[in-house]
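User: I'd like to learn how to read a sheet and a chain contact in a model like this one. Could you walk me through it?

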Amino acid sequence: MSKDIKLMQGNEAIAEGAVIAGCDFFAGYPITPSSEVAEILSNKLPKLGKVFLQMEDEIAALGAVLGAALGGAKAITASSGPGISLKQEHIGYASMCEIPCVIINVMRGGPSTGLPTLPAQSDIMQARWGTHGDHAIIAITPSGVNESLYETIRAFNLAVKYRTPVMLLTDEIIGHMREKVVIPSKDELEIIDVKLPDVPAEKYNPYNFTSGKVTPLAPMGEGYRYHVTGLIHGETGFPSQKIDVIQNAENWLIDKIYKNIKDIEKFEEFMLEDAEILIVAYGSTSRSARQAIMMARAAGIKVGMFRPITIWPFPEEQILNLSKKIKKILVPEMNMGQVILEVQRNSCGAKVYGLNIVNGEPITPDQIFSKIKDVSQL
Amino acid sequence: MIKTKFDYDYYLRKNTLPHIWCPGCGDGIILKALLRAIHKCGYSKDEVVITSGIGCASRLPGYVDFNTIHTTHGRALTFAIGIKMYKPRLKVITISGDGDALAIGGNHFIHAARRNIDMTLIVFNNYTYGMTGGQYSPTQPLDSYSTTTPFGNIESPFDVCNLAQAAGATWVGRSTSYHAVQLEKFMVNALSHTGFSVLDVITNCHISYGRRNKMKSPVDMVKYQKEKAVPARSAENMSNEELMGRFKTGILFEKTDKPEFSSEYYKKLESIKIK
């Protein structure tokens, strides 16, 4: 069978991935450099009988997404740095109330309005810690257009399976560049759909903190009447201030993600077998890193790369193990040092160096190669 | 209209009671009127969705046996729009306080009205942020006192109904927690209306508002509601001086020919859908 191959923009691939994943609902607010996701879905979703809404602001967009998701929709929003800052209120609500949703963040330079049309990777920590209170989140950093499509599908699957917001972090480079995409056929994909609980309505609790399994979120309006609140709640969904309920509820939000890390984690290892320098790079920067590794190897420096695709939860175990073998680690990123903090925290006995460029330009292979040469001398 | 006998117990989640509202609070009267109105409209419990924001009034959904979503401060309408657009067959009601609906949620309020989406917003309007201790709200009357206007309020208040009408709502009414029978009737009207309906309900917070404005008992505040309410028809013959410090009650605006958003959306889909 011949493959369905298309030339696509990164933002277009996200929209395509959302449709393949069975997305029922989009609500968003215009913002550069993510607007194409909304524009494309405003065309695609209505033709499929599904809902597209442009809301009055970023907060409303995620509010509408969560309302639809409580009705059983597979729902998505797309934005960029400043818009994600506004959405944090509802990212926390989605975490607390365990409402599945996919949030696209096509990263641009910041803080504040920053660099609307230029790339950055400065929202890695915002993705993890942007909303107040203790919680866990899943975030994914694809490095290209094809991967954006497949990771959008995976983002929907993880959101439904773990009843959590999932953030897809691309950037202005990936969002706007065009690459070859292999469109998957439906039968080669795993699509996790929203389903009704397997217990009758009168026995249904919307939350379960004790069994270790994520209870399906019953779509509202199907006979499972329950209460949703952003207050700390027990398994019945009603607010509680009992100390054991509070502790269990908090533990669960983190455990349900971190205890399933083997299912959620995803990464690529590149030329690590004999590497004496480890590059930890993600997203668009990993593309330059790959090229820089080839340049370094041609110059006789043994470098390899670990590329997190799931960036949150962070691949702590992999970094620890690699750091035991490889004693020099280089973390190039288009921010002033975010993932490097996690690498430092999780590595053991290795020296960790950063290459931090935030001038609105991609980090080039030459810049990384130059840094590799410096590190190899140290 | 449904013929079966009305029973509060059928609609209440009794295991979540007692409620958090202070003794003498008007919110319970509004809750009861809402349950009677829903019963009169004949809606099943499964088809009703109630969203609310943050504040005293917004705790209401927890006590009633529907699909209930206690959302974030000011944002209840955004969740309501999401679920209504995804499942337009559902009857969606939003409960909000005056601060919730008009200050932090003001943007969502005007845009829901502009869209004329088929849902009902009930504003529990007690002129104050009761839950946080009585700070002034965007509906607090001029010259009145609160914990953050210790020298008297100099900000002009919003008129919920005028704002709703100007923004595009197609059913606008006002009642009070004193006028319980009228309140229920207006709720039935608001719920039955196709389009965005806004019911402003003047209710009493004697603890946080009344106490600082010479109405420290619930009785004082109920008397205030009784005396200051002017039926819209009577107001037509009154001068501005006579209306000073009073508020109009009644069905203040109704329009049936403005297209409703969710049905327009799905109509549009039919014309462009890939068959």
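This is a predicted model: local features need pLDDT of at least 70, side-chain atom pairs count only at pLDDT 80 or more; totals for chains, interfaces and linings use all residues.

User: Thanks! What is the order of the strands in the open sheet of nine strands?

Analyst: Reading across, the order is β10(A)-β2(B)-β1(B)-β3(B)-β4(B)-β8(B)-β7(B)-β10(B)-β9(B), and the pairing is mixed. At the edges sit β10 of chain A and β9 (229-231) of chain B, each pairing on one side only. On average, neighbouring strands are turned by 20 degrees against each other, direction ignored.

User: In which sense do β10 of chain A and β2(B) pair?

Analyst: They pair in the parallel sense, over three bridges, with β10 of chain A covering residues 227-229. To find the place by eye, look for T229(A), which stands opposite H70(B) in β2(B).

User: And which way do β7 and β10 of chain B run?

Analyst: Those two run antiparallel and are joined by four bridges. A handy landmark is G173(B), whose bridge partner in β10(B) is I251(B). Helix α7 (residues 180-192) of chain B lies across β4, β7, β8 and β10 of chain B, at about 165 degrees to β7(B).

User: How is the size of an interface often given?

Analyst: Often as the accessible area lost when the parts come together.

Notes
Residues are numbered from 1 along each chain as its sequence is written. Chains are lettered from A and ligands numbered from 1 in the order in which they are written. Two strands pair if DSSP finds at least two bridges between them. Axes are lines fitted to C-alpha atoms, for helices over the stretch in contact, and angles run from 0 to 180 degrees between N-to-C directions. Two residues are in contact if their C-beta atoms, placed from the backbone, lie within 7 Å.
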